[in-house]
Amino acid sequence: MKKFISWRHPGTISIFRMDDRLLLIGMGIIVGLCSGLAALALNHSLIFMLEFLHDFRHYWWAFLLPAAGAMCSSLFLEKIMNEGAGHGVPEVIYSVSRYGGLIRLRSSISRLVSSCLTIGSGGSAGPEAPVVMSGSAIGSNIAQFFFLNDRQRITLVGCGAAGAVASIFNAPLTGIIFTMEIILGEWSMVNIIPIAVASVAGAELSRTLRGNIIAFESSGSFHIGHPDLFACIGLAMFAALASVLFTRTLRRMHKVSRKVSVPFWVRAAIGGCAVGLLGFMVPEVMGEGYHAIHDMIEGVFKGGIGIVALACLAKILATALTLGWGGSGGIFAPSLVIGSFAGLAYHRLLVFLFPSVMWVSEGCFALLGMAGMMSGILQAPLTGIFLILEITGSYEVMLPLIIVSALSTTMTHYFEPSSFYFKELMEKGQLLRPGTDSRVLADISIREVIEKDCICVRPDMLLREFLYTVQRSTRNYFPVEDQESGQFVGMIRFDQIKPYFFNSVMYDTVIVEQIMDANPDTVHYDDELSEVLNKMDTHGHFSLPVVFNGRFVGMVSKATLLDKYRDELNVQTAHSF
Amino acid sequence: METTIFHVFRNTPLGREILLQSLYFCQQTSSSIAVYIPQHVRFLMYYENDVVQVDLDQSYLTDPETAKEHAIELALSMDVEPRFITPKNFTASTLPDIPVDFDFMCCPRSISDLSTKISLGHIGPKVRRIINSARFPILMPSALFKEWESIIVFFGGSDNSIKALKLGLRLSQITGVPLDMFTYSGGGGTQKNKEHFVEVLREAGLEDIVCGNEDQNAKVREWYFFDGGKFEHNLYRVPHNALAVLGAYGHGVVKDVLFGSTMEMIQTILPNTLLIAGPNYVVPHP
């Protein structure tokens, strides 16, 4: 039994207690393999569903397939898994920010099944966010099983996300960078090595089971000329515009759907039905849409500028209808499709306007459009660059990729100050990145900074008696408590009552009740320190009394808070680069 | 420092009885009460190494307009001023996060299954998870409000039962009600004699408190020690108006599933209000 217990507490083994990097690397491999397996399972399930439903797509009622898929998906999440679903990736970021990466076990399976139902039936969404959620949940639950601490658990959550991304795209570098840039939001030595190992494990598993496939490999190579580099500026604008439009349509659709007072599963079915109808006109909007990307990169996509632009808008609308109305899935794949449509449309516009210029092939612009779109919507340029490099294998387009990604991120940031994943969290004040003011304050509780060396006085105490108390005290604040009930009735600040001290006539005529502040600002145990500091700044206080259930508990002062703040900041940034 | 009990209020007659138990506990222990009136059928509790999703049954959302009013009315009738908890953080829009920095939590035997509320039933899986993860003890009230006039600690010699004994001693000290102890030394081949339990108490530094005389500062009124008969039959000797304090789930899941748990047996047979200290319960410094 004891051996079993020590096996479940590897953190207590002396070799790992000194330095846990080896432990995290070992765990990272396990998590990377498990999350990679989850990603591959989803991938294969999607292929199976698409093939199974293929024969039914020619019927007139095929538009009902996405409706049925979205309905089953929402019912599965709500009724079977009891998930209370969010989007997936923001939930992972939230748990990392606030709760040391604690994620429910059910999340490791729920999004895989629900997104499979949504996407497999034709809904417009991507499988990447669900596998990130699943991988992260696997990492978190393995860490919980082995009783790892918060920091180690966060690292394993990152390992799960990296392994899943690396496996589904066969892109280990993207797995690492996506995790560091988006999920964790910090580049620290202790994290990066296990995450890199997990990413390699996930990618290697994918290569073993699926073969070393590059998702969107182009048959030819791209020769970038100077005009193409200049054109990248315009492409970045196009991509940024598409990113902003996509983000806002998604949000808008969420709000619109909430106003429709029907059961959640009917709502999901309505969204799916609309996507099915849209799919009759623009078939490229259905599912994850990777076929369309293949065609565009190969330069064999049919249709003129108008059709391509229409497909781009239709894909935005279809994704918003799928996700905004209750379907399950992510925005990675739709972003790639929309980006490639935007790139292709831009290329065709350039050829139309400047027919005599030797432009690079349209496949290259489709590829650059994907990078611009990813960078814009995620506001994570490195993820955009490395993802496109790895999934296309087109390393010769590195320079324009950097230009488009950097510019698209900057331009999108002007209209949408935060990425799609962060926006809701930022609005609620729940995006707490390590080493930031909000995170440091969130990690300190009032109980940790409370000072209890105050001397309480009675309301009926004479000023003379109070003077003796002041002599004994080292503090300038004196809480006043009712002698019988122990209730907090007021506060005396030494600087406010100085005039009374120099008038000896007052000593035996004035009592504490007469000179106290009967309605002072107070704080409660549950208050967050950011609120407490705001209160201090607004009213010019240096200390505030903590009152709990009508009783004085102690004082919170800026000086003590600063000491604790520095300690916490040192802890949070100790391992950063 | 004052302690706080966390209570999830349900606006039904059963919920009223359970709230009355919590309020009585507050009265006795000079604790304050934090009441949560659910707006959604589920919430999350993030513990140190676990996140527990509590899926409430629909009765928790009964008549939300009068819920707060009823809770205040009941609390004031027992001279307790309630504090209502409004979740600040949400994992998803319908999934609030409830803080876990309380000293006690009141939890019926099952909070997600209506069928068990009319009998003692089994402890629901969610409540079991809460007991397993929480650093605070769980007050599991009887179906009908009843004042308790003594405290009885179930002491089986394990680490968890030592924690339960310390909890019982603390409560007895705060409330001033007498403290008894209940030990069943086990039937068949696993039987242990009383000296074994005294030795365990000695190692924990509690021997004088339990076995000593008044001069030695003894705090335990009576030690019900049974070395014969069936455990469930001996439970008849537990006073009907006692608060039963016990440790729980110190063993692994496998052992519990295969051989059953003493705690499960106690809660199935004993209709008293229970106070359960889980394996992660931390005994506060005096």
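**Exercise 1. Find the residue in chain B that forms a salt bridge with A:Glu78, and give the distance between the closest N and O atoms.**

Solution. A:Glu78 pairs with B:Arg42, and their closest N and O atoms are 3.4 Å apart. A salt bridge here is a side-chain nitrogen of Lys or Arg within 4 Å of a carboxyl oxygen of Asp or Glu. Between chain B and chain A the count is two salt bridges.

Notes on the model. This is a predicted model, in which local features need pLDDT of at least 70 and side-chain atom pairs count only at pLDDT 80 or more, while totals for chains, interfaces and linings use all residues. Residues are numbered from 1 along each chain as its sequence is written, chains are lettered from A and ligands numbered from 1 in the order in which they are written, and side-chain values use heavy atoms, with hydrogens and water left out.

**Exercise 2. Describe the interface of chain B and chain A.**

Solution. Step 1, contacts (heavy atoms within 4.5 Å): 26 residues of chain B meet 32 residues of chain A.

Step 2, buried area (the accessible area, with a 1.4 Å probe, that two parts lose on being put together, summed over both): the two chains bury about 2,400 Å², with 42% of it on carbon and sulfur atoms.

Step 3, polar contacts (a pair of N or O atoms within 3.5 Å; within protein, one must be able to donate a hydrogen and the other to accept it, and residues adjacent in sequence count only if both atoms are side-chain atoms): there are 11 such residue pairs between chain B and chain A, both residues at pLDDT 80 or more.

Step 4, elements (DSSP runs numbered from the N terminus: helices are H or I with at least four residues, strands are E with at least two): strands S3 (42-46), S4 (51-55), S6 (89-92) and S7 (95-98) of chain B each give two or more residues to the side that touches chain A. The largest share, four residues, comes from S6(B).

Step 5, classes (Ala, Val, Leu, Ile, Met, Phe, Trp, Tyr, Cys and Pro are nonpolar; Asp, Glu, Lys and Arg are charged; the others, Gly among them, are polar): this side of chain B has eight nonpolar, seven polar and 11 charged residues.

**Exercise 3. Divide chain A into domains and describe how domain 1 meets domain 2.**

Solution. Step 1: chain A is divided into domain 1 (2-210), domain 2 (226-428) and domain 3 (441-572), with bounds from an automatic or database domain assignment.

Step 1: the C-alpha centres of domain 1 and domain 2 of chain A are 24 Å apart. In contact are 44 residues of domain 1 and 43 residues of domain 2.

Step 2: these two domains bury about 3,500 Å² between them, 71% of it on carbon and sulfur atoms.

Step 3: helices supplying at least two residues to the domain 1 side include H4 (64-80) and H9 (172-184) of chain A. H4(A) gives the most, 11 residues.

**Exercise 4. Locate B:Arg170 and list the residues it touches.**

Solution. Step 1: B:Arg170 lies in helix H4 (residues 159-175) of chain B.

Step 1: B:Arg170 touches B:Thr3, B:Phe104, B:Tyr281 and B:Pro284, leaving out residues up to four places away in sequence.
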